[in-house]
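Q: Could we go through how pockets are read from a set of coordinates, taking one example as we go?

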Amino acid sequence: MKIDFVSDIVCPWCAIGLSALEQAIERVGPSVPVSLHFQPFELNPDMPPEGQDIGEHLAQKYGLTPEQVAANREMIRQRGEGVGFTFRMEQRGRIVNTFNAHRLLHWAGERGGDAQHRLKKALLGAYFTEGQDPSDAAVLLRVVASVGLDEGRARQILEGDDYAEAVRERQRFYGQHGIRAVPSVILNDRHLIQGGQPVEVFEQALRQVAAAEV
């Protein structure tokens with residue numbers, strides 16, 4: 001089964017959704033072989049290089065009060081804990097631009113194997129658990145190296161514009177097909193599941209789609 005996971009690395013529900021999807025894949029086991037691909041989506045494509053304070057950003061974009069922000073953070077922390085993902089919200093102060101991270105993810109996807117998956121997980125952890133800035137080239141290179149990818153090649157990508165148009169093309173493609181929120185999980189190019197759903201929802205969908213397409 002082909003699974004396209006459309007997401008951004010500064011989206012907490014994407015981290016929750018990915019962890020839940022991974023557990024669902026484990027539950028269905030080898031009876032449903034899967035091929036997982038990560039597709040780009042920028043929550044804030046116009047975010048300047050310096051980023052924006054998270055509280056200010058959430059108030060401006062969604063009209064949230066500091067109390068609402070705190071409540072949402074706690075809910076997200078608990079949902080993450082439930083699927084084995086650690087959020088340390090106090091370490092995450094800014095929303096940042098993620099375009100370069102998506103370029104590196106596209107490159108990793110061409111490496112084959114689980115390279116893209118490993119990089120995606122490491123980027124989510126760097127931002128949400130460790131409070132690192134994934135718009136910073138030095139951070140990106142450290143994360144690339146930590147998952148065994150070629151740091152020298154990654155540096156070349158960041159210093160040029162390799163994969164920029166490929167990422168934009170993918171973003172246009174999913175935008176033209178109605179993807180407006182993430183995570184969006186697409187099974188076999190036809191079945192859409194949206195949001196950071198519980199493990200059981202993903203498991204049921206995997207089993208149903210697999211059974212229907214035998």
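Q: What volume does the second largest pocket have?

A: Rolling a probe the size of a water molecule over the atoms shows where empty space is left. This is a predicted model, in which local features need pLDDT of at least 70 and side-chain atom pairs count only at pLDDT 80 or more, while totals for chains, interfaces and linings use all residues. Residues are numbered from 1 along each chain as its sequence is written, and side-chain values use heavy atoms, without hydrogens and water. A pocket is an open set of points on a 1 Å grid over the protein atoms alone, where a 1.4 Å probe fits, with protein on both sides within 12 Å along at least five of seven lines. Grid points are joined across faces, edges and corners, and a volume is the space filled by probe spheres set on the points. Here the second largest pocket has about 330 Å³.

Q: Which residues lie nearest the centre of the second largest pocket?

A: Lining residues have an atom within 4 Å of a point. There are 20 of them here, and Leu36, His37, Phe38, Gly109 and Gln116 lie nearest the centre. Two or more lining residues come from each of β2 (35–40), α4 (99–111) and α5 (115–129).

Q: What is the volume of the largest pocket, and which residues are closest to its centre?

A: The volume of the largest pocket is about 420 Å³, and among its 21 lining residues Pro12, Trp13, Leu58, Tyr62 and Ile76 are the closest to its centre.

Terms used
Helix = DSSP H or I, 4+ residues; strand = E, 2+ residues; numbered from the N terminus.
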